[in-house]
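This briefing concerns the salt bridges and the nonpolar surface of one structure. The sequence and model are shown first.

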Amino acid sequence: MQSEEKMMELYEEIMNQYLNASTQIVGVAALITIPIMLWFFHSDRVKERKNGFIPNRKAPLWKYGAGLLMALALSLGINNLIIIGNLSDMSETYQALMEAFYSSPLATQVIALAVLVPLSEELVFRGLLFRRLRERATYMQAALYSAVVFGLTHVNLVQMLYGFILGMMLSYLYEKYGSIKAPIAAHMAMNLLSILATEFKLPDWLMEDQMRIGIVTVACAFVASTMFVLIQRIEEKPEIPGTSQEKDNPVQHCRVDNE
């Protein structure tokens with residue numbers, strides 16, 4: 001506190017220490033958040049049953065492969081576009097944060113970034129925010145609002161855009177699969193892909209040849225769009241009890257937005 005210069009040196013030292021431990025910090029924060037969000041999530045489901053709310057039907061587990069492939073392809077494709085457009089150079093905060101996250105031991109990254117953080121974020125943004133909004137609004141309204149909030153929490157511009165796009169996709173998976181397990185699994189898979197890609201220097205390999213990264217990006221777009229078409233065929237609308245066995249009358253569906 002003797003001079004402004006010493007205060008700035010202290011601030012920089014604190015920030016360096018924080019960045020060096022950022023992976024562990026977000027992991028511990030997620031670990032604390034998870035049981036709290038699980039309690040809220042369970043309480044909301046109990047209230048839904050008491051109020052007679054009929055949720056979307058759950059897709060079988062064997063259909064989860066399409067959701068995982070779409071999430072992985074979309075994540076890799078967007079990351080490639082960030083590299084091609086040099087968007088990461090526009091944000092020093094983004095560069096510093098990525099270097100801090102991926103400088104931790106691999107086991108720490110997997111546990112914190114690929115397990116704990118996705119689980120906590122999905123419980124907050126899809127299990128709580130999106131699901132509560134979905135009970136009172138249309139799917140698009142709930143997805144847009146939750147995706148915007150999800151993007152804004154990532155602070156820097158690059159991650160905001162990335163988070164918004166993936167937030168829309170994760171809300172879509174929740175809507176179609178009828179279970180929080182779908183966006184959780186997709187989020188974990190995407191984060192694990194990012195960790196392993198960075199560990200084994202996949203971005204550097206892709207950037208060695210512009211044709212290579214272009215082909216991979218186009219392939220990602222093709223896979224993601226194909227999986228989207230397959231997922232679109234999943235019937236998520238719930239059946240009103242007592243109508244599923246009536247042959248003469250069409251099945252009436254109860255939309256979660258009460259339309």
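The points below cover the basis of the model, its salt bridges and its nonpolar patch.

This is a predicted model, in which local features need pLDDT of at least 70, side-chain atom pairs count only at pLDDT 80 or more, and totals for chains, interfaces and linings use all residues. Residues are numbered from 1 along each chain as its sequence is written, and side-chain values use heavy atoms, with hydrogens and water left out. The structure holds seven salt bridges, and a nonpolar surface patch of about 490 Å² is also present.

**Salt bridges between helices**

- A salt bridge is defined as a side-chain nitrogen of Lys or Arg within 4 Å of a carboxyl oxygen of Asp or Glu.
- Helices (H or I, at least four residues) are DSSP runs, numbered from the N terminus.
- Asp 44 counts as buried because its relative accessibility is 7%, whereas Arg 132, at 33%, counts as partly exposed.
- Buried means under 20% relative accessible area, exposed over 50%, and partly exposed in between (1.4 Å probe, protein chains only).
- Glu 175 forms a salt bridge with Arg 134, with the closest N and O atoms 2.8 Å apart.
- This second pair links distant parts of the chain, as Glu 175 is in helix α7 and Arg 134 in helix α5, 41 residues apart.
- Glu 175 is buried at 7% relative accessible area, and Arg 134 is buried at 3%.

- The side chains of Glu 48 and Arg 45 meet in a salt bridge of 2.9 Å, N to O.
- Both residues lie in helix α2, three residues apart, which is about one turn of the helix.
- Glu 48 and Arg 45 are both buried.
- A network of salt bridges links Arg 45, Glu 48 and Arg 131.

**Nonpolar patch**

- The patch is made by Met 140, Leu 144, Val 148, Leu 152, Phe 164 and Ile 165.
- Patches consist of residues with over 30% relative accessible area and no salt bridge, with like charges joined within 9 Å and nonpolar side chains (Val, Leu, Ile, Met, Phe, Trp, Tyr) within 5 Å.
- Helices α6 (139-152) and α7 (157-177) each supply at least two residues of the patch, and α6 gives the largest share, four residues.
- Ile 165 is placed in helix α7 and counts as partly exposed, at 38% relative accessibility.

Key
Areas by Shrake-Rupley, 256 points an atom, 1.4 Å probe, with all protein chains shown as cover.
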